[in-house]
Each structure stands twice: as structure tokens, then as C-alpha cells.
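Hi there,

Have a look before you read on.

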Amino acid sequence: MLLRRHPLKTDGLQAPAQLLLCPSCRKKIASSATICPKCGATLGPGWQWQARKIADDLAASDRRLKRVAGYLVLGLGAYAWFRSIFDG
Ligand SMILES: [Zn+2]
């Protein structure tokens, strides 16, 4: 038996406005904004691209931070292990 697709209403089903980071204050604002509602900065054409780059940079530094934290935990673990061997 074939299921007949109901014609979908597209009104109100559109994806929510994408949120990007304001290049000025780095708060999340709608990608369609021309003026930042948070800090009032005027957003010139192409600011979305700039915002994505900022988001990418933030994500990259976050990954870097997590990696460093991982090494730190590993280092501390190794240190504790060595101590337990040589002091015990
Ligand atoms: Zn802003």
C-alpha cells in the first residue's frame, strides 16, 4: 500500500534564523541582522563570513585547549605513577 504524502505547508516550517557571532561583541545574533541588537555595531556586508571565521577560530582554540588539558592530565597521571613507584 502506498502512503500518500500530504502536501506540506511550508509556512512556519522554515528553518529558524541561523545564529552567528557578532564580530564586535561575539554574542549570538541572527545572521540576517544588519545591526547587532546586543552591542549596536553596524554589520557591513559579508559580516556573516567574518562571524563564521570567528566561530571557527573559537572552536579551534577550544580544541587546542582541550588537547592541552588532556596532556596535562596525562602528565599528572604519569607523574603520580612515577611517584608511586619511586617513593613507594
Ligand atoms: Zn555585537
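Of the 40 residues of α1, how many are buried? The number is two, so the helix lies largely in the open. Please keep in mind that this is a predicted model.

Here is the overall layout. Across the 88 residues of the protein, 8% are buried. Of the contacts between residues at least 6 apart in sequence, 27% join residues at least 24 apart.

The helix also passes a simple length check. Helix α1 covers residues 47–86, and at 1.5 Å a residue its 40 residues should span 58 Å; the C-alpha atoms at its ends are 58 Å apart, which agrees.

Now to the core. The largest nonpolar core has seven residues: Leu20, Leu21, Cys22, Ile29, Leu43, Trp47 and Ala51. Two or more of these residues come from each of β1 (19–21) and α1. Setting aside neighbours within four places in sequence, the core residue Ile29 is in contact with Leu19, Leu20, Cys22, Cys36, Pro37 and Lys38.

One more residue to look at is Gln48, which sits in helix α1. Gln48 counts as partly exposed, because 16 other C-beta atoms lie within 10 Å. Beyond its neighbours within four places in sequence, Gln48 is in contact with Leu20 and Ser31. Gln48 and Ala30 are 18 residues apart in sequence, with their C-alpha atoms 9.5 Å apart in space.

Conventions:
Residues are numbered from 1 along each chain as its sequence is written. This is a predicted model: local features need pLDDT of at least 70, side-chain atom pairs count only at pLDDT 80 or more; totals for chains, interfaces and linings use all residues. A residue is buried if 20 or more other C-beta atoms lie within 10 Å of its own, exposed if 12 or fewer, and partly exposed in between; C-beta atoms are placed from the backbone. Two residues are in contact if their C-beta atoms, placed from the backbone, lie within 7 Å. Helices (H or I, at least four residues) and strands (E, at least two) are DSSP runs, numbered from the N terminus. The expected span of a helix is 1.5 Å times one less than its number of residues. A nonpolar core is a set of buried Ala, Val, Leu, Ile, Met, Phe, Trp, Tyr and Cys residues joined through C-beta atoms within 7 Å.
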